[in-house]
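Please look through the structure shown here, and then follow the paragraphs below from one part to the next.

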Amino acid sequence: MPGRQSRRSVLAAIAALPLTGTLGACSGSGSGGSGGTSTTTRITFWSAIRGSQEVVDAFNRTHDRVQVDFQQIPSGGQGGYAKLSNAARAGNAPDVATIEYPEVPGFAIDGVASDITSLISDRLRARLLPQSLGLTTFQDRTFSVPLDIEPMVLHYRADLFDRYGLTVPRTWEEFEQTARAVRRKAPDRRLALFPTDGAMNFAAYAWQAGAQWFDTRSGAWNVSLADRPTRHVAAYWQRLIDDDLVFMNPGDSRQFDAQVGNGLILARLTGAWDAGAQMNERPGQRGLWRIAPLPQWDPDRPAVGTHGGSTFAVTKDSRHPEAAMEFIEWQVSHADALRARLSSGASSAYPTVPDLVAVGRDAFDRSYYSDQDIYTLFEEQAHAVRDGWVWGPRMTATSRVMQDGFARASGGEGTIIDSVRDAQAGTMPDLRALGLSTSEHST
Amino acid sequence: MTPSAPATPAVTTAPPNGTTADGSRRVRARDPRKVARRRQLGACGVLMAPFFILLVTVFLIPVGTAVWLSFFSEDQPGLGFGPERTVFVGLRSYAAVLNDPTFLSGLGTVVLYCVIYIPVMVLGALALALLLDSGVVRLRSWAQLGLFLPHAVPGIIAALIWLYLYTPGISPVIEVLGKADITVDFLGVHTVLPSIVNIALWSNLGYNMVIFYAALQAVPREVVEAAVVDGAGPVRAAVQVKTPLVRPSIVMVAMFTFIWSLQLFTEPMLLSQSSPMISSRFSPSMYIYDAAFTRNNYSLAAAAAVVLLICTIALSYGVTRWTSRVNSAEEATR
């Protein structure tokens, strides 16, 4: 569940809670605790994900040996990651922290997320979708446990597709034709948005097309943001932008809210989680949206990338890693945990533990999507996630530089591929200053 | 400059004490000059201590820490996973900073900012001060107050006010212009830098004007009167007589403005909340902030800070040398 879904709830939480900072956290990380009962282990947990308080309450009700102190923190981009880094520097990071997939390597390199390979039970390992675990494992060492995996899908306005006589595009070629048809038939509407703050969306397109921005072969970070598949994807979207077939503005903005709210945009290309977010944010559009697989480059060999998703890490400052791991395992794999999370509001986050899919499916109000069985679709798409993708060691910074370029491109300066190259050029000095072995390709 | 000032009175007052002392004191104090010298040193010490304490705690220690940080890093070779050790890395972080296109473009942005801002600021403040000094403006003290008031507004509040005026949809300025069929995007690719210059001008014009005005008050009236008698009009008297006489303050204002500009941070940081055209590494100071708090790369941040400090010192020194050389050259021709 990335920041955008939980943005509102997080903002509300920031407004409601005083910033208790790290004091509350470090006081709770000691052992022993309540009433001198030495059998109870207290651990601390930080998360920005909505519904975490409910999950923690459910855990504390059903467990005696381990008790969790929860602190709601801002989402990563809003300061949550800076808070975690600073706490780790000060030596009082929480036992369990929430980290989104792209930031896992960074926190692992900084030593904030500790190596939990030996702590993960074989039972849990067997239940997790391998593609998701692959994203948190480096050199056969696992640094965090995935909660959800979010294949990118095509959310579309079925009513407007009907009105303009459009069919759901199965390939990117059809997607382009559909975009042209939309512009022709309804000049003020567009098929989709190319978000200027959407480095993660662009990464998902590149991932699907077979790009490999980072790889860790031969013990070095090999960086090739502008590889052949990425150049292909960039050229494709550049054409759509140049021909004015898509909007190009920030996705996390009132402008985009208005575009979706007023039906100016016919399709959203986002992760599975966005189905629930859309439901919560725009109840008035009930029955108008449907979900389809992401268009493919080659329909015979379908593949997708992911957009969003969170993981849980045990930090280096945890004095009770086993207890922390017990809580994490319960949280990602127990049906009660998911039920508790869903009690705080609808969510379509797709669990990495397949047994939980049925729980999510039962709890999800299908009427918003006109009884479409979106979970079956997500299940197929989750298995189509292309294996082998690796996020980089400083993904927040890499995305920011890329998005700075996208923003300039939307103002008529530069192109998408320029932005991608700038992102690589702005990332390499960082990696070198961190003392990592690096190599650069495809500049 | 400040620490040497209190020492001067001590020099003039000490000798009389020594000479008026009678014979017995002369015996006890083996050497009156030594006593005077010691007292003088004591006075110097007491008067200069606050300055040195502050210099050490808020300047030398932080600079030393930054320099130290820039030479060390927490390393784990290869992919970087696993336990980290603090190791000496030499100039590695400096090499990274100087090879980082985003840092260099930040420096470029600040240089462009200086090129636009400093001349406009100095000329604007000087023109206003000359206007006030010439007596053209009525309600002089009110005009001064009105011009100075924005300087009393903290930078962050100023940026918020201007953010409101710049943001399409909520800005009354854009709305009024829109009614006249003029569309302006104050936060566009090419307009964002002038927009930041405008905020800085608004904040600092009055302050620098006051400095120039004070300097103009010190210009001997006879000189101006002589010029008027010789037939100089008010404009000519202002440009050719008064302006050269306040040149030291012009140099000082330009220098301070320049040092302040190199550290450009508050305004772009705040505007970046609203305009994607301001990148997260827009200026060197923003680069340093981003390196430390987004990238969690403290040695890189420290190296960038030291590079910025060296640039600032070198450029300030260069400007000072240049102006003093011009001064002495001019005096020689007189």
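In this predicted model, 31 residues of chain B are in contact with 37 residues of chain A. On the side of chain B that touches chain A, the elements that give two or more residues are β1 (72-75), α4 (92-98), α5 (101-134) and α15 (298-333) of chain B, and α4(B) gives the most, with 4 residues. Sorted by class, the residues on this side of chain B are 13 nonpolar, 13 polar and 5 charged.

Within chain A, an open sheet of 5 strands can be followed in the order β2-β1-β3-β12-β6, and its pairing is mixed. The edges of this sheet are held by β2 (66-72) and β6 of chain A, and because each has a single partner strand, one side of each is left without a neighbour in the sheet. Helix α14 (residues 321-333) of chain A packs on the sheet, where it touches β1 (41-47), β2, β3, β6 and β12 of chain A, and the direction of α14 makes about 165° with that of β12(A).

How many of the residues of β12(A) are buried? The count is 5 of the 5, so the strand is largely enclosed by the rest of the structure.

Elsewhere in chain A, helix α10 (residues 199-208) is mostly covered, with 10 of its 10 residues buried. Among these buried residues of α10(A) are A:Met200, A:Phe202, A:Tyr205 and A:Trp207, together with A:Asn201 and A:Gln208. What covers the buried residues of α10(A) includes β7 (152-157), α11 (228-242), β10 (267-271) and α18 (395-410) of chain A. After α10(A) comes A:Gly210, which has a positive phi, near 100°. Two of the elements named among the cover of α10(A), β7(A) and β10(A), also pair with each other in the antiparallel sense, over 5 bridges. In that pairing A:Leu154 has A:Leu269 of β10(A) as its bridge partner, and β10(A) is itself mostly covered, with 5 of its 5 residues buried.

The crossing of α10(B) and α11(B) is right-handed. On the α10(B) side the contact involves B:Val223, B:Val224, B:Ala227 and B:Val228, which meet B:Ala237, B:Val241 and B:Lys242 in α11(B). The residues of this contact divide into 6 nonpolar, no polar and 1 charged.

The other packing involves α15(B), one of the elements on the side of chain B that touches chain A. Helix α12 (residues 247-262) of chain B packs with α15(B) at an angle of about 165°, and their axes lie 10 Å apart. Are the two helices roughly parallel or roughly antiparallel to each other? Angles over 145 degrees count as roughly antiparallel, and α12(B) and α15(B) are therefore roughly antiparallel to each other. The crossing of α12(B) and α15(B) is right-handed. The residues that make the contact are B:Val251, B:Met255, B:Ile259 and B:Leu262 of α12(B), and B:Leu308, B:Cys311, B:Thr312, B:Ser316, B:Val319 and B:Thr323 of α15(B). By class, the contact of α12(B) with α15(B) has 7 nonpolar, 3 polar and no charged residues.

How values were computed
Residues are numbered from 1 along each chain as its sequence is written. Chains are lettered from A and ligands numbered from 1 in the order in which they are written. This is a predicted model: local features need pLDDT of at least 70, side-chain atom pairs count only at pLDDT 80 or more; totals for chains, interfaces and linings use all residues. A crossing is left-handed if the near helix is turned anticlockwise from the far one by less than a right angle, and right-handed if clockwise. Two residues are in contact if their C-beta atoms, placed from the backbone, lie within 7 Å. Ala, Val, Leu, Ile, Met, Phe, Trp, Tyr, Cys and Pro count as nonpolar, Asp, Glu, Lys and Arg as charged, and the others, Gly among them, as polar. A residue is buried if 20 or more other C-beta atoms lie within 10 Å of its own, exposed if 12 or fewer, and partly exposed in between; C-beta atoms are placed from the backbone. Two strands pair if DSSP finds at least two bridges between them. Axes are lines fitted to C-alpha atoms, for helices over the stretch in contact, and angles run from 0 to 180 degrees between N-to-C directions. Angles under 35 degrees count as roughly parallel, over 145 as roughly antiparallel, 65 to 115 as roughly perpendicular and the rest as oblique.
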